[in-house]
Amino acid sequence: MYQAGDRIIYGGSGVCQVKAVGPLEGSREDRLYYTLEPIYGSGIVYAPVDGPVFSRPS
């Protein structure tokens with residue numbers, strides 16, 4: 001599992017920095033998500049920790 005501050009390559013979003021790991025704010029489910037911020041672009045990506053999208057350390 002990645003930690004806050006790690007940089008990863010995530011699917012089509014490219015290089016992202018992990019901002020947080022945890023449940024989605026306001027969600028009642030126990031599933032964990034990565035909060036990712038793309039380095040070359042804008043926005044925030046919420047990716048399930050156990051999701052099927054390819055990711056690897058950068």
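Start by selecting K19: with a relative accessible area of 42%, K19 is partly exposed (buried means under 20% relative accessible area, exposed over 50%, and partly exposed in between, using a 1.4 Å probe and protein chains only). Before you click on, know that this is a predicted model, where local features need pLDDT of at least 70, side-chain atom pairs count only at pLDDT 80 or more, and totals for chains, interfaces and linings use all residues. Residues are numbered from 1 along each chain as its sequence is written, and side-chain values use heavy atoms, leaving out hydrogens and water.

E37 and K19 form a salt bridge, with their closest N and O atoms 3.2 Å apart (the term means a side-chain nitrogen of Lys or Arg within 4 Å of a carboxyl oxygen of Asp or Glu). Because E37 sits in strand 3 and K19 in strand 2, the pair ties together parts that are 18 residues apart in sequence. Strands here are DSSP runs of E with at least two residues, numbered from the N terminus. E37 is partly exposed too, at 31% relative accessibility.

How many salt bridges does the structure hold? There are two. For the other pair, pick R31 and D50, whose side chains meet at 3.1 Å, N to O. R31 is in the loop between strand 2 and strand 3, and D50 is in the loop between strand 4 and strand 5 (55-57), so this pair links parts 19 residues apart in sequence. R31 is partly exposed at 34%, while D50 is exposed at 56%.

Next, head inside. Select Y2, I8, Y10, C16, V18, Y34, L36, V45 and A47: these nine residues make up the largest nonpolar core (a set of buried Ala, Val, Leu, Ile, Met, Phe, Trp, Tyr and Cys residues joined through side-chain atoms within 4.5 Å). Strand 1 (7-10), strand 2, strand 3 (33-38) and strand 4 (45-48) each give two or more residues to this core.

Zoom in on L36. Which residues does L36 touch, not counting those up to four places away in sequence? They are I8, Y10, C16, Q17, V18, G43, I44, V45 and A47, where contact means heavy atoms within 4.5 Å.

Then try T35, also placed in strand 3. Is T35 buried or exposed? At 18% relative accessibility, T35 counts as buried. Leaving aside neighbours within four places in sequence, T35 is in contact with several residues, including Q17, K19 and Y46.

Technical notes. Helix = DSSP H or I, 4+ residues; strand = E, 2+ residues; numbered from the N terminus.
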